[in-house]
Amino acid sequence: MKFTPRKINAFLFFKLPSAFLTGVRVKSLSKDTAVVKVTHRWVNQNPFKSMFWAVQGMASELTTGILVMKEIAESNKKISMLVTNMNGTFTKKATGKIRFECNDGELIRTTIQKAIDTGEGQTVTVTSEGFNEEGISVSKFEYEWSLKVKS
């Protein structure tokens, strides 16, 4: 698969319909950064009239997962990937348009190369932060990805 926002959003429709139906959309993808946006709506709200934490989790995980998938594809190796740990912090009600960003492409690239060079499984902890329309952080997630070259 070519890694463009349009292709990834189509992938969401077919493979992760819950993310697609709740409004999670990839907006941009570069070598080091992935940006995903989601708008607070009735379908993704909690009883407190803000965005449900799991929707924020889907959007934030997608920013990290896209970068991992992209680097694996560019390595031309078969590498398994799995989230082994996750931590989330919520600092403000998520309402309106929320933008999640992960800027850890270089860290992911280095870890994948280490897995290839050593033949041993590696873990990498990457961060995705959600910002509201005013640029204020509403949540921050850390994902630990386990990466292992398949034999």
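Visitor: What makes F52, W53, M86 and F90 a nonpolar surface patch?

Guide: Together they make about 400 Å² of nonpolar surface. To join a patch, a residue needs over 30% relative accessible area and no salt bridge, and nonpolar side chains (Val, Leu, Ile, Met, Phe, Trp, Tyr) are joined within 5 Å. A salt bridge here is a side-chain nitrogen of Lys or Arg within 4 Å of a carboxyl oxygen of Asp or Glu. One caveat: this is a predicted model, where local features need pLDDT of at least 70 and side-chain atom pairs count only at pLDDT 80 or more, while totals for chains, interfaces and linings use all residues. Residues are numbered from 1 along each chain, and side-chain values use heavy atoms, without hydrogens or water.

Visitor: Why is W53 called partly exposed?

Guide: Buried means under 20% relative accessible area and exposed means over 50%, with partly exposed in between (1.4 Å probe, protein chains only). W53 has 47%, so it is partly exposed. W53 is found in helix α3.

Visitor: How do you know that the reach of α4 is close to the expected one?

Guide: The expected span is 1.5 Å times one less than the number of residues. α4 (105-118) has 14 residues and reaches 20 Å from first C-alpha to last, close to the expected 20 Å.

Visitor: Why do the buried residues of α4 line one face?

Guide: G105, I108, R109, T111, I112 and A115 are buried. Down the axis of α4, the buried residues fall within an arc of 165° (taken from the directions from the axis to the C-beta atoms), so they line one face. Their cover includes α3 and β3.

Technical notes. Helices (H or I, at least four residues) and strands (E, at least two) are DSSP runs, numbered from the N terminus. Contact means heavy atoms within 4.5 Å. Patches are made of residues with over 30% relative accessible area and no salt bridge: like charges are joined within 9 Å, nonpolar side chains (Val, Leu, Ile, Met, Phe, Trp, Tyr) within 5 Å. Accessible areas come from the Shrake-Rupley method with a 1.4 Å probe; for residues, only the protein chains shown count as cover.
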